[in-house]
Structure formats: C-alpha cells, structure tokens
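Please look over the sequence and the structure shown below before reading on.

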Amino acid sequence: MALTMEHDMTDKEQYKVHKEPYYQPQGNEVALYEAAYRNRLPVMVKGPTGCGKSRFVEYMAWKLGKPLITVACNEDMTASDLVGRYLLEANGTRWLDGPLTTAARIGAICYLDEIVEARQDTTVVIHPLTDHRRSLPLDKKGEVVAAHPDFQLVISYNPGYQSLMKDLKQSTKQRFTAFDFDYPEAALEAGIVATEAGIELTLAAQLAKVAQAGRNLKGHGLDEGISTRLVVYAANLVRQGV
C-alpha cells in the first residue's frame with residue numbers, strides 16, 4: 001500500500017502545473033469553473049480556435065492545485081490511445097495505461113483538446129466517466145477503473161467545425177456543462193497581447209483592431225477569424241523588429 005501511495009504522489013507531481021499561467025478572465029468563468037469542479041461536473045469549453053480555451057484549463061488546474069493531463073485529439077486516435085493497451089516485451093506482455101486511465105487513477109483533470117477531431121467511435125469511451133458511474137471499463141484487461149474523487153473530465157469544442165463528419169454526438173454533448181468562449185473585446189485583447197508579447201499597449205491596440213476587423217470577414221472570404229493567438233505571434237515578430 002505504501003508503494004502504491006508513493007507512486008500515486010509521484011505521478012501527481014509529474015503532471016502538476018507549477019508556474020502560474022497568464023490568463024485574463026473575460027467574465028465570471030473562473031468562479032463558474034470552480035463551482036463545476038466542486039461538483040466534479042464534466043466541462044465542455046466551447047469557442048473558436050486560439051481564443052484561450054486551453055490556457056483557461058491550464059490556469060484552472062494551477063489555481064485548484066490539481067494535476068493536468070492534456071490529450072491533443074486527432075482523427076487517427078483510437079480508444080486504445082486513450083485507455084491503454086498491452087505491449088509486447090521480451091518476457092511477455094505488459095499493460096500500459098493511456099492518458100485517460102492515468103488521469104482517472106491519480107485524480108487529475110483530463111483535458112481532451114479539440115475532441116471533435118477524434119472519431120465518434122473513440123469518444124464514446126468517455127461516457128461512463130461522465131455520469132453517475134464515474135468509472136472506466138478496460139475491456140481488454142478485464143478491469144473497471146473507479147475514478148479518483150479528484151478526477152474531472154474537460155473537453156474543448158470548436159462549434160465552427162460543425163458538419164455531418166465533424167461534430168459530437170448529442171449523447172456526448174449532453175453529458176457536459178458548457179462554457180462559451182469567444183475572442184475578447186478590443187481593449188481586453190490589447191491588454192492580453194501587450195502582456196503576452198511584451199509590447200506597448202498602443203501598438204497592441206492597433207494589432208487588436210486589425211484582428212477585430214478581420215473577424216468581420218468570417219464567412220465573407222475567410223473561413224475563420226484572426227485568433228488572439230495569431231495576434232500575439234504577430235506582436236512577438238513586431239517586437240523583434242519585423
């Protein structure tokens with residue numbers, strides 16, 4: 001038992017966010033997330049690319065002092081990539097937990113980034129963790145992992161990807177508390193860019209104004225608006241003399 005506890009603490013420290021990430025709240029999302037975490041509700045963070053969803057989740061993991069395991073979802077990801085698989089070794093086989101299983105065991109926040117990119121037959125494995133069962137069946141291993149009391153599941157979702165091929169099942173969506181994110185208003189975005197890139201607020205405001213104008217062209221020649229992330233990248237280049 002002592003060895004198990006020691007291993008558990010080591011894993012938790014490995015995934016802790018030790019330095020405060022910079023995050024500028026846009027409303028009461030921090031308080032709302034804290035309420036959701038107190039009840040261990042699954043959370044869906046909705047919003048366009050580059051608006052701060054991942055940074056928000058990282059910030060909340062730091063603020064709550066909880067380990068964070070992030071998975072970048074893609075169309076080639078299988079259920080085994082999430083839950084684990086047997087590995088063939090010289091002396092036989094060894095089971096290796098996937099990131100979702102690891103998070104459930106140690107009580108981490110498991111963040112599935114851009115979950116809409118994953119295949120629908122892969123995302124259904126999260127369902128037992130998002131209701132009263134709070135468990136994860138490992139069919140290949142013949143084990144059911146009961147989620148640690150601190151475990152929480154968070155997914156990010158870009159509604160702009162909605163289509164017949166790129167959308168979540170309603171049975172998946174309805175299991176989550178949804179947080180709606182968008183690009184910040186101009187003055188707030190200028191402050192974020194100035195802080196992130198280390199440039200003058202006046203210049204940051206000019207770049208933010210360009211971004212705001214570009215977003216008005218979404219659907220009129222642009223598939224997606226200019227993200228806050230891209231504005232920060234541009235500001236970094238300007239600071240370097242570009």
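Which residue caps the N-terminal end of α8? In this predicted model, the cap is Glu185, which places a side-chain oxygen 3.2 Å from the backbone nitrogen of Ala187. Helix α8 itself covers residues 186–197, and because its 12 residues at 1.5 Å a residue should span 16 Å, the 16 Å between its end C-alpha atoms agrees with expectation. After the helix comes Gly198, whose phi is positive, near 70°.

Within α8, the residues Glu189, Ala190, Ile192, Val193, Ala194 and Ala197 are buried, and the buried residues of this helix pack against α9 (201–215) and α10 (228–239). An α-helix has 3.6 residues a turn, so residues three or four places apart point the same way.

The aromatic rings form a second topic. A search of the whole structure finds eight aromatic pairs. One of them joins Tyr86 and Trp95 edge-to-face, with 5.0 Å centre to centre and 75° between the planes. Tyr86 counts as partly exposed because its relative accessibility is 41%, whereas Trp95, at 14% relative accessibility, counts as buried. Elsewhere, ring pairs link Tyr23, Tyr33, Phe56, Tyr59, Trp62, Phe179 and Phe181 into a cluster.

Arginine side chains also lie over the faces of tyrosine rings, as the table sets out.

Conventions: Residues numbered from 1 in each chain as written. Predicted model: local features only at pLDDT ≥ 70, side-chain atom pairs only at ≥ 80, totals over all residues. Heavy atoms only, no water. Phe/Tyr/Trp six-rings, centres within 6.5 Å; stacked < 30°, edge-to-face > 60°. Buried < 20%, exposed > 50% of the residue type's maximum accessible area, 1.4 Å probe, protein only. Lys NZ or Arg CZ within 6 Å of the ring centre and 35° of its normal. Helix = DSSP H or I, 4+ residues; strand = E, 2+ residues; numbered from the N terminus. Expected span 1.5 Å × (residues − 1). Contact = heavy atoms within 4.5 Å. Polar contact = N/O pair within 3.5 Å; in protein donor to acceptor, adjacent residues only side chain to side chain.
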